[in-house]
Amino acid sequence: MAEANGPNEAREAEEPKEAGTLLLEARDLLSGYVPEVDIVRGCDVEVAAGELVSVIGPNGAGKSTLIKSLFGLVPVRGGTIYFEENEVTRFPTHRLVEAGIGYVPQTENVFPTLTVEENLEMGAYLRPKVIQERYEELFEWFPILAERRSQRAGTMSGGQRQLVALARALMLQPSLLLLDEPSAGLSPANVDVIFDRIQLINSKGVAILMVEQNAKRALAMSDRGYVLEMGQNRFTGPGEELLNDPKVADLYLGGRAKG
Amino acid sequence: MQEAFQLLANGIVIGSVIAVAAVGLSLVFGVLGLINVAHGDFLTLGAFTALVFVGLGLPLYVAAVPAIAAGALAMGGLEKVLWKPMRDRGTSNVNLLIISIGLALVLRHVIFWIFGARVQRFGPVSERIDFGLFALTPQDIIIVVGSAIALIGTGLMLQKTRIGTAMRALSDNKDLAEASGINVSRVILYTWVIAGALTAYGGVLLGLQGRLFPNMGWFLLLLIFAGVILGGIGSAYGAMIGSLIIGVAQEMATHSIIGLPADLKTAVAFLVLILVLLVRPQGIFGRRKAI
């Protein structure tokens, strides 16, 4: 089910993919915003089909930079990235979207003057034919959006906007969804809603790589986690294991360097 | 009373011309954040292209077609050879603005060089038709109707088509548009092409309203900016409404009760602009930006 399809073939995410097939593989990644200043310094990241993987770490560890590098938003200076066994290092963003990667930025992740429907439509800009069909499934996953399909996204609450952003990123049925701190800035009740929806999305077979500040909750629901520090992954392992690892706890509770 | 209606009608006529030009400027600003000082000179380009074809014996409504094509081609072409390469090199918007001033001068002087400074007309101006409260020339009526068609068309394009929605998406958030898989470069190119077509068409209407001379678009540019800013910068609908208000305000200022000389009417347009911005700094339809 998870063999490497050509990037343009439609992917069916009807049944969960068999876990274990490597979907995303980044080796020795070096990247940063400004020339000669590497923020991500030799990271290895793997995500298998259908897996839910969290990246946690102190502020300034390079978590967001890592996820943006994987999506072509930050220049990659070294290392290689494979997606579905094809090399995609330094691919422009729209080709990665075409290949089956969805991305939700941490902030400003909706088009505020566009309606909910128009936001979703923009998520399927590359394949407008799928729009109607995708609405059906996504409105089922996010019923609140069906009720508010004509509302401008900018007038919605933070939690609802996050749902719009998730739905937009799912319009092309990505096999991998990259989430940059999906719970940031949300009320505790909304954090529950978002994490619940993320688990639902994952249960439908979409692999998720998510960067999170809320480390405990992220690890508790993840298949695996990476602990990033100073642009390198220090620890990796199953979510539960990392959660109970005294060294990981120390890295957080010890209050390592910020910024 | 009749004077007021006449001035209102005159204001709507000139406001309609400004509106067509302002929407083009606003679209480009919304999508790129670029303030294109050369915009007025593209009106001139449109007007003179139409004049060439009128000179060949074509009626103006036919001559408008190559004029619109010339505007679309010129703005689209410049995106390819000038604006995009500049942006790819990371040129700042301030530098791009300076470049657009240079472009304005080049365009104006080329037109001057080809057509000379002589003031020209598309044709004789017809007699005014009396509507009771006001009188307008047939040309004036064509301007108002022609402008309404272009503005409604632009509104439908923005609201109902995929490319229009993508333009609004880009104006909202270019990075997110990129991350959604929208081909941002192509949407920008289409924006220029549409803005170029609208602007050249606006130039034809401007020529129809008065006379053609190499500075005609340049002289209108400040009023176009006023319309765009009054309506809320980057909002195409705001630009339409703002332009009409500017047009009407400056004509009404010459009403005998107010008694301002016609030379001061442009100043009144700007006074209205300043007063509105004092109350609503983001313009009528503009969004308040977070600091």
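Me: Which residue is the bridge partner of A:Ala26 in β4(A)?

Reply: Happy to start there, with the reminder that this is a predicted model. Strand β1 (residues 22-31) of chain A and strand β4 (residues 76-83) of chain A run antiparallel and are joined by six bridges. Within β4(A), the residue bridged to A:Ala26 is A:Ile81.

Me: Is strand β9 of chain A largely enclosed or open, and how many of its residues are buried?

Reply: A residue counts as buried if 20 or more other C-beta atoms lie within 10 Å of its own. Strand β9 (residues 224-229) of chain A is largely enclosed by the rest of the structure, because the buried residues number five of the six.

Me: What is the bridge partner of A:Ile56 in β9(A)?

Reply: Strand β3 (residues 52-56) of chain A runs parallel to β9(A), and four bridges join them. In β9(A), A:Ile56 is bridged to A:Val227.

Me: And in β10(A), which residue is the bridge partner of A:Leu228?

Reply: β9(A) also pairs with strand β10 (residues 232-238) of chain A, in the antiparallel sense and over six bridges. In β10(A), the partner of A:Leu228 is A:Asn233.

Me: Which residue takes a positive phi in the hairpin of β9(A) and β10(A)?

Reply: This hairpin has two residues between the strands. The positive phi, near 50°, belongs to A:Met230.

Me: Which residues of α1(A) are buried?

Reply: Helix α1 (residues 63-70) of chain A is mostly covered, with seven of its eight residues buried. Just after this helix, A:Gly72 takes a positive phi of about 75°. The buried residues of α1(A) are A:Lys63, A:Thr65, A:Leu66, A:Ile67, A:Lys68, A:Ser69 and A:Leu70.

Me: Zooming out, what percentage of the residues of chain A count as buried?

Reply: The secondary structure of chain A comes to 10 helices and 10 strands. Among its contacts between residues at least 6 apart in sequence, 68% join residues at least 24 apart. Of the 259 residues of chain A, the share that counts as buried is 47%.

Me: Over to the interface: which element gives the largest share of the side of chain B that touches chain A?

Reply: Contacts link 15 residues of chain B with 21 residues of chain A. On the chain B side, α6 (162-172) and α7 (174-179) each supply at least two residues. By class, that side has six nonpolar, five polar and four charged residues. The largest share, six residues, comes from α6(B).

Me: How are α1(B) and α6(B) oriented to each other: parallel, perpendicular or oblique?

Reply: Helix α1 (residues 2-32) of chain B packs on α6(B) at an angle of about 55°, and their axes are 6 Å apart. The contact is made by B:Leu27, B:Gly30 and B:Val31 of α1(B) with B:Met167, B:Leu170 and B:Ser171 of α6(B). Those residues divide into four nonpolar, two polar and no charged. At that angle, α1(B) and α6(B) are therefore oblique.

Me: Is the crossing of α2(B) and α8(B) left-handed or right-handed?

Reply: The axes of helix α2 (residues 39-55) of chain B and helix α8 (residues 184-209) of chain B come within 7 Å and cross at roughly 65°. Among the residues in contact are B:Phe42 and B:Leu43 of α2(B) and B:Gly202 and B:Gly203 of α8(B). By class, the contact has 10 nonpolar, nine polar and no charged residues. The crossing of α2(B) with α8(B) is right-handed.

Conventions
Residues numbered from 1 in each chain as written. Chains lettered and ligands numbered in written order. Predicted model: local features only at pLDDT ≥ 70, side-chain atom pairs only at ≥ 80, totals over all residues. Contact = placed C-beta atoms within 7 Å. Nonpolar A, V, L, I, M, F, W, Y, C, P; charged D, E, K, R; others polar. Axes fitted to C-alpha atoms, helices over the stretch in contact; angles between N-to-C directions. Parallel < 35°, antiparallel > 145°, perpendicular 65-115°, else oblique. Buried ≥ 20, exposed ≤ 12 C-beta atoms within 10 Å, placed from the backbone. Pairing = 2+ DSSP bridges. Left-handed = near helix turned anticlockwise from the far one by under 90°.
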